[in-house]
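Subject: A structure for you to look at

Dear colleague,

I am passing on the structure we talked about, and below it you will find my notes on what turned up. Please keep it open beside you while you read.

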Amino acid sequence: MSPKVTIELNPPVNGSYYTDYEEIAGRVVLSLSRPASVKRLNVSLRGLSQTRTILGTDGRYQYTQSAAGGGTIYDGDHSTHVVYHREVQLFPPTGKIDDSDDDGVSLAKGSYGYDFAFKLLGSPDCVQKRNCKGESLRDEQPKASLCQLPPSFNDKNDGKAVDRAELVYYALGRVRYKVNAQLEMGGDRKLFGTSKKNVTASSLISFMPNVCRQQPQDDTVGPEFRFQSLDSVKLAHGLHMNFYVISAKPLTVHRMDYLFRRGCGKFDDMYLMFDKSPAAHSLKAKRLQLFLNEETTYAVGKRSDRNDSSLLLMSTDLNQEIPLGEDHVLRMDLSKNSALNRLRFNEEDYVHRGNRLYSFNSCNISREFEFKLVIHWVVDGKRSCKSEVAIPVTVLVDDLWANSLPPPYE
């Protein structure tokens with residue numbers, strides 16, 4: 001039997017993904033069924049941000065469905081950024097053997113274990129080495145977002161089994177982290193049961209950096225942010241109404257945040273503004289809908305492909321009369337609606353097309369979100385209309401270790 005290499009990883013502390021608070025650690029096990037000559041055994045952790053385009057340089061779409069209908073073949077351009085690469089020689093210890101020596105070190109039959117540990121910290125390697133120039137997304141993104149490693153994204157998608165048309169564009173980009181082990185044989189390999197020079201093993205890991213997990217601390221004091229409805233609502237006699245939401249800071253949302261409860265800082269400060277007195281009219285808020293819109297952009301050089309999708313978070317009847325008087329500005333109070341009071345963001349920890357909900361940017365991938373709040377009105381007891389407000393939002397995932405370091409792995 002040929003030599004065998006396996007990777008045994010210590011599981012992440014939270015059971016789902018590794019963070020920059022902990023080490024990606026484990027052991028590489030070398031199993032020999034007979035004596036063998038080993039030149040070296042290495043382990044590496046490599047992270048790639050990869051995109052491809054189905055729009056070729058000639059302007060034609062270049063993807064084809066396989067005859068069996070089971071996969072999609074991409075023939076467009078590619079972009080690969082090495083965001084992280086570290087490699088360690090496990091055996092023999094560095095400097096103990098001359099690279100020009102093909103004989104290697106003889107090892108007896110048996111099993112050998114070698115411990116390793118990596119930590120995913122710092123800015124992406126491609127940014128440090130200035131290999132990102134020419135990507136259309138790089139100059140558009142905040143510098144802070146490029147100072148931290150991107151999270152795993154679409155990492156289980158290999159692009160070869162896309163069987164739904166709406167997923168074709170979504171599968172054009174991914175961020176993937178892999179632990180790789182490589183055994184290089186020495187001497188006459190055929191004598192030791194293998195004709196291969198290298199024996200390899202790999203293990204895919206999921207990674208989520210602090211920037212996608214922890215609520216950013218922003219104590220700056222500045223002007224409020226006002227998000228106004230896309231169109232005004234026409235009442236009778238030339239009266240117009242605008243609906244808007246006020247936020248003290250750019251909106252960020254953490255998993256399990258309340259969205260409408262008073263004091264939550266999300267949708268607890270909403271107003272109606274009329275261009276003149278609405279006293280002669282009646283207004284009822286009939287129904288509320290809240291959507292989360294996702295926009296992913298994948299860049300290859302100066303070209304990019306974008307994919308948009310939408311999730312319905314809430315749809316509930318309000319049937320709430322809005323008392324109108326002489327005031328031109330009214331605060332809309334929904335605090336007595338029990339369904340809205342209970343609503344927490346992403347309580348079910350939703351997985352959308354294979355990915356949890358979080359915002360991030362890399363040099364060639366952007367994943368952004370916005371809330372779309374829709375309120376349906378009944379004006380003067382008979383006419384129906386609606387107001388729509390779009391609010392950009394940074395989506396964060398839960399942070400189990402925001403205030404303390406995780407316990408050591410045992």
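Let me begin with Phe 267, which is buried at a relative accessible area of 1%, where buried means under 20%, exposed over 50% and partly exposed in between, with a 1.4 Å probe and protein chains only. Before going on, please note that this is a predicted model, in which local features need pLDDT of at least 70 and side-chain atom pairs count only at pLDDT 80 or more, while totals for chains, interfaces and linings use all residues. Residues are numbered from 1 along each chain as its sequence is written, and side-chain values use heavy atoms, with hydrogens and water left out.

The structure holds eleven aromatic pairs, a pair being rings of Phe, Tyr or Trp (its six-membered ring) with centres within 6.5 Å, called stacked if the planes are under 30 degrees apart, edge-to-face if over 60 and tilted for the rest. Phe 267 pairs with Phe 260, and because their ring centres are 5.2 Å apart and their planes lie at 25°, the pair is stacked. Phe 260 also counts as buried, with 4% relative accessibility. Elsewhere, Phe 153, Tyr 170, Tyr 358 and Phe 360 form one aromatic cluster. Tyr 170 has Arg 353 over its face, at 5.0 Å from the ring centre, a charge being over a ring if NZ of Lys or CZ of Arg is within 6 Å of the ring centre and within 35 degrees of the ring normal.

Volumes are the space filled by probe spheres set on the points, which are joined across faces, edges and corners.

The side chains of Arg 262 and Asp 333 meet in a salt bridge at 3.1 Å, N to O, the rule being a side-chain nitrogen of Lys or Arg within 4 Å of a carboxyl oxygen of Asp or Glu. By this rule there are 15 salt bridges, including one between Lys 156 and Asp 155, whose closest N and O atoms are 3.9 Å apart. Lys 156 is exposed at 64% relative accessibility, whereas Asp 155 is buried at 5%.

Finally, the second largest pocket contains about 310 Å³ of space, and among its 18 lining residues the closest to the centre are Ser 16, Tyr 17, Ser 206, Met 208 and Arg 356.

Methods: On a 1 Å grid over the protein atoms alone, a cavity is a set of points where a 1.4 Å probe fits but cannot get out, and a pocket is an open set with protein on both sides within 12 Å along at least five of seven lines; lining residues have an atom within 4 Å of a point.
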